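This report describes the overall build of one protein and then looks at a pair of its helices.

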Amino acid sequence: MAVKVYIVYYSMYGHVERLAEEIKKGADSVEGVEAKLWQVPELLPEEVLGKMRAPPKSDIPIITPNELSEGDGFVFGFPTRFGMMAAQFKAFLDATGGLWKTQQLAGKPAGIFYSTSSQGGGQETTALTAITQLVHHGMLFVPIGYTFGAGMFEMEEVKGGSPYGSGTYAGDGSRQPTKLELDQAFHQGMYIATITKKLKEAA
């Protein structure tokens, strides 16, 4: 039976989604692992999204809280809002009380990835403040640390991400994830998929 890694995210302008796609590729590169992309529900009405010039959502399926229980490992992604996860993702996690009550996510590994508008916009605090959600579910936070190697020490170009997880900078929205940021996302997917597989095989 394949090891299931769920990449669950919220993306308003597509930056987080682009990272999610690359994380999936990395996870799928691990033999015996089946990665799947999921979006969380949008909270804002179409009229508001239109005024914010947000593009239409992709056709990636919308996950329900109970479907989380089917995953063996997770990578959660979201843009930052004042140094914390976007409300859309927080609202989704707020609806996982039933899973918390039965501890269906306890012991399962989870990583985090994110997008901020600027270098001081929360590349680390967004991940750090999100860890509380994992703790209450008894999940195992899996940071990438410095396993990405030389890419973690890049100083010649602007690069999102940190030891907490992969990331990107959106700027005014026109900046897209760079090759280095996408490579880091691929690495994160491969890394957490490998750990998820080891944990499941040892269970």
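The model is predicted. Its secondary structure comes to six helices and seven strands. Read from the N terminus, the elements follow the order β-α-β-α-β-β-α-α-β-α-β-β-α. The radius of gyration is 16 Å, close to the 17 Å that the globule rule gives for 203 residues, so the protein is as compact as a globular protein of that length.

Some values for the whole protein are listed here.

| Property | Value |
|---|---|
| Box filled by the C-alpha atoms, along the principal axes | roughly 45 × 40 × 30 Å |
| Share of the 203 residues that count as buried | 47% |
| Share of contacts joining residues at least 24 apart, among contacts between residues at least 6 apart in sequence | 74% |

Now to the helix pair. Helix α1 covers residues 15-28 and helix α6 covers residues 179-202. Their axes come within 6 Å and cross at roughly 45°. An angle under 35 degrees would count as roughly parallel, and 65 to 115 as roughly perpendicular; α1 and α6 are therefore oblique to each other. The crossing of the two helices is right-handed.

Which residues of α1 and α6 meet? On the α1 side they are Arg-18, Leu-19, Glu-22, Ile-23, Lys-25, Gly-26 and Ala-27. On the α6 side they are Glu-181, Leu-182, Ala-185, Phe-186, Gln-188, Gly-189, Met-190 and Ala-193. By kind, the residues of this contact divide into eight nonpolar, three polar and four charged.

Technical notes:
Residues are numbered from 1 along each chain as its sequence is written. This is a predicted model: local features need pLDDT of at least 70, side-chain atom pairs count only at pLDDT 80 or more; totals for chains, interfaces and linings use all residues. Side-chain values use heavy atoms; hydrogens and water are left out. Axes are lines fitted to C-alpha atoms, for helices over the stretch in contact, and angles run from 0 to 180 degrees between N-to-C directions. Helices (H or I, at least four residues) and strands (E, at least two) are DSSP runs, numbered from the N terminus. Angles under 35 degrees count as roughly parallel, over 145 as roughly antiparallel, 65 to 115 as roughly perpendicular and the rest as oblique. A crossing is left-handed if the near helix is turned anticlockwise from the far one by less than a right angle, and right-handed if clockwise. Contact means heavy atoms within 4.5 Å. Ala, Val, Leu, Ile, Met, Phe, Trp, Tyr, Cys and Pro count as nonpolar, Asp, Glu, Lys and Arg as charged, and the others, Gly among them, as polar. The radius of gyration is taken over C-alpha atoms; the globule rule is 2.2 Å times the number of residues to the power 0.38. Buried means under 20% relative accessible area, exposed over 50%, partly exposed in between (1.4 Å probe, protein chains only).
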